[in-house]
Amino acid sequence: MAEGTGSFRRVERPLSPHLQIYRIQMTSVSSILTRITGHALMAGVILGVWWLLAAAVSEPYFALANAVMTSWFGKLVMTGSLWAVWYHYLAGLRHLLFDARLGLEIKTAERLGWACILGSVALTALTLVIV
Amino acid sequence: MQYITDRKRAVGAGAAHTGTAHHWFMTVSSVALAVMLPVWLYLFGAAIGGTRDQVVAAFANPFTAILTALVLVVSMRHFAKGSAVMVEDYAHGTARKAGLIFVSSLAAVIATTGLYALIRIAL
């Protein structure tokens, strides 16, 4: 084969998906957001589990964890995680629809993408009001 | 000699012969989380901001304790397997192996720490 002979020069071909000229669409954005929210949620999970561990261990430890949890930083992480969990939740439901061969028309899929984004904001606001 | 037919051996296996099991696990765990999370988010959110005694009392409740344990275990397996796909998508070679070990371990540490805290609180 040509590879490894030394005289072979690899041709510089553009790599997919051509990020500089890629036109983003609702379907791609909503898909990427699912992955991002799923991973970003770990911030909220780590803070929440640490806070629970502190509550289990001792009063001074809980005072520290609870101070972080109820600080502006803790509230930012928890509110962000709340939106992330609702977005990931709705996007997951959308995947269940797709698996059932529903909503695969491009127009419908784009509407469902908007539904995930707007719905997650609405559910976040609703949760903050209730809790 | 195998008496199973070629078709029977192929049905449900998918092109890679392993991906369907992963996909089905994510489907099952996502449905479980979809059922549990609205209730759990309410219970967890209500517990934030309380004194230590109030927090301990909230998670000592059997329903809350069991639900929290389930959410922890299922969500951390869901995360580990979902994150593993991201590692497989973007990382190669040693970085891939290290990444797969890392996300799996992180999920295990978080789930076990949460369960330890729950056991100390609830029992």
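This is a predicted model: local features need pLDDT of at least 70, side-chain atom pairs count only at pLDDT 80 or more; totals for chains, interfaces and linings use all residues.
**Figure 1. Chain A is built from helices, with zero strands.**
Four helices make up the secondary structure of chain A, and along the sequence they give the pattern α-α-α-α. The C-alpha trace spans about 70 × 45 × 25 Å along the principal axes of chain A. Among contacts in chain A with a separation of 6 or more, 70% are between residues 24 or more positions apart.

**Figure 2. Chain B has five helices and zero strands.**
From the N terminus, the order of elements in chain B is α-α-α-α-α. A box of roughly 65 × 35 × 25 Å, taken along the principal axes, is filled by the C-alpha atoms of chain B. Buried residues account for 21% of the 123 residues of chain B. Of the contacts in chain B between residues at least 6 apart in sequence, 68% join residues at least 24 apart.

**Figure 3. The contact between the chains takes 25 residues from chain A and 25 residues from chain B.**
On the side of chain A that touches chain B, at least two residues come from each of helix H1 (26-57), helix H2 (59-69), helix H3 (72-99) and helix H4 (106-130) of chain A. H1(A) gives the most to this side, with twelve residues. Sorted by class, the side of chain A that touches chain B has 16 nonpolar, six polar and three charged residues.

**Figure 4. Helix H2 of chain A has a buried side and a face turned away from it.**
Phe62(A), Ala65(A), Asn66(A) and Met69(A) are the buried residues of H2(A). They lie on the same side of H2(A) because they cover an arc of only 100° around the axis. In an α-helix with 3.6 residues a turn, residues three or four places apart point the same way. The cover over the buried residues of H2(A) includes H1 and H3 of chain A, together with helix H3 (52-60) of chain B. Pro60(A), Ala63(A) and Ala67(A) are exposed, on the face turned away from the buried side of H2(A).

**Figure 5. Helix H2 of chain B bends at Leu37(B).**
H2(B) runs over residues 19-47, and its 29 residues should span 42 Å at 1.5 Å a residue; the end C-alpha atoms are 39 Å apart, which agrees. The bend at Leu37(B) is about 40°, and a proline, Pro38(B), follows within four residues. After H2(B) comes Gly49(B), which has a positive phi near 100°.

**Figure 6. The buried residues of H2(B) pack against helices of both chains.**
In H2(B), the buried residues are Ser29(B), Ser30(B), Leu37(B), Leu41(B), Phe44(B) and Ala47(B). From chain A, H1, H3 and H4 pack against these buried residues. From chain B, H3 and helix H4 (62-90) pack against them. Leu37(B), where H2(B) bends by about 40°, is one of the buried residues of this helix.

Conventions: Residues are numbered from 1 along each chain as its sequence is written. Chains are lettered from A and ligands numbered from 1 in the order in which they are written. A residue is buried if 20 or more other C-beta atoms lie within 10 Å of its own, exposed if 12 or fewer, and partly exposed in between; C-beta atoms are placed from the backbone. Two residues are in contact if their C-beta atoms, placed from the backbone, lie within 7 Å. Ala, Val, Leu, Ile, Met, Phe, Trp, Tyr, Cys and Pro count as nonpolar, Asp, Glu, Lys and Arg as charged, and the others, Gly among them, as polar. The arc is that of the directions from the helix axis to the C-beta atoms. The expected span of a helix is 1.5 Å times one less than its number of residues. The bend at a residue is the angle between axes fitted to the seven residues ending there and the seven starting there.
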